[in-house]
Amino acid sequence: MTENPEQEYAAGESTDDPTTDDMLVETDVSGSVASSGPTMSANTVVRAENVDVWYNDEQALQDISLDIPENQVTAMIGPSGCGKSTFLRCVNRMNDLIDAARVEGDLYLRGKNVYDDDVDPVALRRRVGMVFQSPNPFPKSIYDNVAYGLKIQNKEGDYDEIVENSLKRAALWDEVSDRLDESGLELSGGQQQRLCIARAIAPDPEVILMDEPASALDPVATSQIEDLITELAEEYTVVIVTHNMQQAARISNKTAVFLTGGELVEFDDTEKIFENPESQRVEDYITGKFG
Amino acid sequence: MATQEEQIEGFGHVSRTVGTVFRYLLLAATLFGIVALTILLIYVANDAIQPLTADPGWHLTFFLTLVLPTLVVSGYLFRTDPTSFRFGAGVVGMLAVSSMFGGGAAMIFVDIVPPVVWFSYVLAFGLALAGVVGLERLDRQLPFLVRFVGAGAWVVLSFGLVPGLVQSLPVYPTDGVMLTLSLGGPVALVVGRYAAAKAGRRGTAVAILVALVAVGAGEVLGPLLAIGAVPATVLLAVAVVPTAGYAVGHIRRFPGRRPGLALAATILGGALVGAVAVAALGFAGPQSWVDWQFLTSAHSGTAAEAGLYPAIGGSILLMVTVAALSFPLGVGAAVYLEEYAPDNRLTRFIDVNISNLAGVPSVVYGLLGLGVFVTYLGQPTGTVLIGGATLALLILPIVIISAREALRSVPDSMREASYGMGATRWQTIKNVVLPRAFPGILTGTILALGRAIGETAPLIMIGAPNVLFSLPTALSSKVSAMPLQVYAWASLFASEPFYQAAVPAGVVVLLIVLLSMNSIAIVLRNKYQTDQ
């Protein structure tokens with residue numbers, strides 16, 4: 001493992017510099033227009049260049065390059081085992097926690113390569129929130145769950161207020177405002193997932209990664225989460241992995257289609273992907289001929 | 001119809017004879033050990049308590065006042081309202097087990113640690129804690145090293161100065177008052193908060209105050225009941241107030257379980273009424289060997305006057321030492337191996353060896369203790385410290401293995417959630433992994449302590465005296481233990497009366513202590529499992 005938990009904030013310091021930020025935004029826009037046809041109205045936040053991932057000797061991602069725009073929802077779809085979750089976990093270097101995983105290529109967050117030697121993955125993860133497939137609140141009170149990120153990151157500010165705002169933005173406040181000291185595990189599945197979203201947005205990250213956030217939920221809870229994601233995209237850059245193609249079509253602005261073998265087959269505006277894909281394989285997948 | 005049925009062919013039969021035989025053989029194998037042990041225990045208990053020596057009237061009275069009502073009430077509750085039944089039984093069990101531990105604690109305060117010493121150290125601890133927390137609150141942004149050194153200096157200062165200062169005061173409050181503040185205070189804080197569930201800040205304050213006053217009542221009640229102020233206060237603080245607080249708090253959370261209290265009231269009331277009735281009617285009880293005299297006197301040449309007091313005290317002190325040594329070492333090793341250690345050859349080598357160490361005979365550990373502590377480090381033989389250290393070494397592998405099991409049962413999704421929030425490994429372990437694994441770790445440690453309390457061989461090896469006439473008063477004084485005392489009665493003083501009376505009585509006391517420790521572990525584990 002390459003992680004060095006003692007060296008916090010290293011990534012933060014190098015990317016907080018406004019001049020670098022502006023410079024990179026410019027190059028990003030021109031670069032992406034040149035490389036991948038679609039219009040780039042928004043700024044690129046995450047950019048992958050030739051990313052390969054291996055688990056031991058097995059290649060999970062092959063030569064992935066894509067640009068994820070700011071304040072939009074980018075969906076990753078594809079059949080099981082196609083590497084879409086693996087890609088998500090490259091962005092906040094969660095793959096570092098798996099001994100067998102090896103990442104090659106460049107992955108930039110606001111112009112800073114997150115796989116550079118001077119990047120502390122812990123500091124990186126403080127700027128990238130993550131919501132997992134099955135709801136995993138801590139066995140702590142609802143309040144402590146939401147305040148967890150604030151506490152471990154030693155954030156300044158009125159925690160009560162931040163907790164309340166985060167729960168409001170996660171559309172959970174009305175249901176739990178009178179029982180903040182109850183255990184997060186006592187909530188229903190959908191509420192737990194919204195609690196996890198509140199927990200992820202409380203420390204105010206730049207990007208939110210969601211790994212099939214609704215796959216363990218019933219349709220009602222799923223539609224609540226989807227509404228929530230659409231709202232979150234006004235303030236955050238959201239990257240969501242989903243199995244559910246309708247979901248991707250409903251909520252995302254851009255869609256990346258991964259197919260078996262860890263290939264990125266097509267990445268474009270969602271409308272284009274679903275109505276007029278360039279690749280025959282994508283069309284077959286979307287129309288349900290396989291996968 | 002009948003003809004029609006005959007025409008339809010059945011599906012035939014598949015023989016299950018072998019399977020049935022196998023099944024009952026397995027049942028027999030399952031029951032064999034339990035039945036054999038039960039017969040032995042009944043035999044031993046009969047020798048120790050001698051229930052047949054009691055007046056038939058005594059049996060009849062208690063049957064009518066205690067056994068019959070308990071059976072009726074519990075049978076009714078069990079059928080109609082099982083959760084209330086469990087709650088009621090839990091209250092009674094908690095009172096019984098905590099009273100026993102209260103007795104042990106009272107022993108410590110009467111004969112080993114004077115209340116004023118305890119009071120002064122609690123005061124020092126409170127000051128140290130307040131200082132550390134205050135420093136933490138004052139400025140979270142101070143550099144870690146500054147906070148650490150500041151807190152360390154403050155802790156050393158409070159423990160260095162306060163106890164001496166308090167103990168050198170010309171006058172201090174009575175023992176009962178000091179124990180009420182130093183032992184009852186923390187207990188009241190916890191119990192009051194639990195009992196005043198959802199009652200708001202004022203309700204909580206009232207509940208804490210009530211609990212504190214209840215503990216303080218020991219100062220008055222003790223002399224009235226002729227057991228002295230110190231034991232009465234300790235018993236109230238350790239047993240009565242926590243049990244009452246648990247009952248009140250539980251009822252406030254689950255009002256539907258109120259009927260469970262009827263069971264508790266029936267058992268406690270029945271025992272009380274029975275005792276009064278027996279005394280009034282003049283029925284003689286059994287001439288039990290396990291009686292007040294046995295529990296409170298030391299060994300004697302005549303079996304009838306022999307007792308287990310120094311051995312009980314020795315066992316308690318040994319357990320405290322063993323817990324203090326093995327818990328941090330064992331849990332520390334488990335956390336390292338589970339959370340930090342890389343998966344390489346050295347780790348696997350350590351893994352295998354810890355498992356092997358758990359199976360090494362205890363007499364070998366005794367030899368190790370003798371070799372390391374006595375021969376090499378030159379400690380005197382048979383003291384509390386080296387006895388505890390040897391037993392701690394003995395159970396260390398068990399503590400490590402069970403703590404690792406508990407840590408492994410924390411789902412990885414919790415760790416991922418924490419890392420995903422940008423927590424360091426240390427923050428993840430401290431905030432997520434350890435709190436979640438703690439009940440499991442505690443359960444494993446208590447079960448391991450249960451093994452240590454029954455060990456004889458290591459204590460013999462390190463030269464613990466078989467017979468001791470007074471309680472050990474310090475870590476460096478000689479110690480005896482319950483199994484050692486029983487062993488001495490069965491070997492050195494082997495004679496008919498000792499065999500028939502003192503040995504079974506000692507065994508019964510040892511078993512009761514052991515079973516109550518295990519029951520705490522089991523209750524913890526069950527609660528832990530249902531919580532998740």
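## Chain A overall

A residue is called buried when its relative accessible area is under 20%. In this predicted model, buried residues account for 55% of the 291 residues in chain A. The chain holds 12 helices and 10 strands.

Among chain A contacts with a separation of 6 or more, 68% join residues 24 or more positions apart. The chain exposes about 12,300 Å², and carbon and sulfur atoms supply 44% of that area.

## Nonpolar cores

The largest nonpolar core has 58 residues, and the members that touch the most others are A:L66, A:M76, A:F87, A:L107 and A:F258. Another core, of 52 residues, lies apart from it and includes B:V44, B:A311, B:A505 and B:A521.

Beyond its neighbours within four places in sequence, A:M76 contacts A:L66, A:I68, A:K84, A:F87, A:V239, A:I240, A:V241, A:T242, A:A256 and A:F258.

## Interface between chains A and B

Chain A brings 29 residues to the contact and chain B brings 19 residues. The area buried between the two chains is about 2,100 Å², with 56% given by carbon and sulfur atoms. Of the area that chain A buries against chain B, 22% comes from A:Y148, A:I152 and A:N154, more than from any other three residues.

Between the chains there are 8 residue pairs in polar contact, both at pLDDT 80 or more, and 1 salt bridge. A salt bridge joins the side chains of A:R89 and B:E416, at 2.5 Å from N to O. On the side of chain A that touches chain B, the elements giving two or more residues are α4 (121-125), β6 (128-131), α5 (142-152) and α8 (189-201). Of these, α5(A) gives the most, with 3 residues.

Methods
Residues numbered from 1 in each chain as written. Chains lettered and ligands numbered in written order. Predicted model: local features only at pLDDT ≥ 70, side-chain atom pairs only at ≥ 80, totals over all residues. Heavy atoms only, no water. Helix = DSSP H or I, 4+ residues; strand = E, 2+ residues; numbered from the N terminus. Buried < 20%, exposed > 50% of the residue type's maximum accessible area, 1.4 Å probe, protein only. Contact = heavy atoms within 4.5 Å. Areas by Shrake-Rupley, 256 points an atom, 1.4 Å probe, with all protein chains shown as cover. Core = buried A, V, L, I, M, F, W, Y, C linked by side-chain atoms within 4.5 Å. Buried area = accessible area lost by both parts, 1.4 Å probe. Salt bridge = Lys/Arg side-chain N within 4 Å of Asp/Glu carboxyl O. Polar contact = N/O pair within 3.5 Å; in protein donor to acceptor, adjacent residues only side chain to side chain.
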